[in-house]
Amino acid sequence: MPRIPGQSDARFHTALANAIREVVEFPSGLLVTVVDAHLTPDTKHATGTLSVLPDGREGDALQALRKAEHDLKDALADILELRRIPKIHWRFDSTEAEAAVIEAALNKLEKEGEL
């Protein structure tokens with residue numbers, strides 16, 4: 001994705017993570033981490049990729065994000081000094097869940113003497 005001078009994905013990633021930390025109240029026991037973030041060149045859209053623990057609680061995280069959407073956009077506007085606040089699209093990272101399935105399969109094969 002092309003970069004905008006002064007508005008790199010790394011800067012947006014940091015701003016999004018900080019804004020979420022400051023304004024979003026997640027349910028107790030929910031750990032949410034911003035693992036990736038992208039801002040389109042026209043700043044109309046952004047994608048935030050989140051890791052949510054424990055697995056299966058992505059809906060709870062999304063509900064909290066939607067509830068705080070207005071405050072989150074205000075915080076981003078302050079941090080990034082943007083005139084246009086992007087529409088944020090959320091994705092969830094399932095890398096850790098996939099790794100756990102692979103690790104379990106490898107452990108099973110090792111116990112069975114197949115490795």
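Q: Is Arg 57 buried, exposed or partly exposed?

A: Keep in mind that this is a predicted model. Buried means under 20% relative accessible area and exposed means over 50%, with partly exposed in between. Arg 57 has a relative accessible area of 23%, so it goes down as partly exposed.

Q: Which residue forms a salt bridge with Arg 57?

A: The general idea first: side chains of opposite charge can pair when their charged atoms come close. Here, the partner of Arg 57 is Asp 60, and their closest N and O atoms are 2.5 Å apart. Asp 60 is partly exposed too, with a relative accessible area of 29%.

Q: How many salt bridges does the count come to?

A: The count comes to 2. For a salt bridge, the nitrogen has to be within 4 Å of the carboxyl oxygen. Lys 73 and Glu 69 make that cut-off, with 3.7 Å from N to O.

Q: Where do Lys 73 and Glu 69 lie?

A: Both are in helix H3 (residues 69-80), 4 residues apart, or about one turn of the helix. Lys 73 is partly exposed at 22% relative accessibility, and Glu 69 is partly exposed with a relative accessible area of 29%.

Q: Now for a loop residue. Why does Thr 43 count as buried?

A: Because its relative accessibility is 12%, and buried means under 20%. Thr 43 sits in the loop between strand E1 (31-39) and strand E2 (45-53).

Q: How far apart are Thr 43 and Ile 85 in sequence and in space?

A: In sequence, 42 residues separate them; in space, they are 7.1 Å apart, C-alpha to C-alpha.

How values were computed
Residues numbered from 1 in each chain as written. Predicted model: local features only at pLDDT ≥ 70, side-chain atom pairs only at ≥ 80, totals over all residues. Heavy atoms only, no water. Helix = DSSP H or I, 4+ residues; strand = E, 2+ residues; numbered from the N terminus. Buried < 20%, exposed > 50% of the residue type's maximum accessible area, 1.4 Å probe, protein only. Salt bridge = Lys/Arg side-chain N within 4 Å of Asp/Glu carboxyl O.
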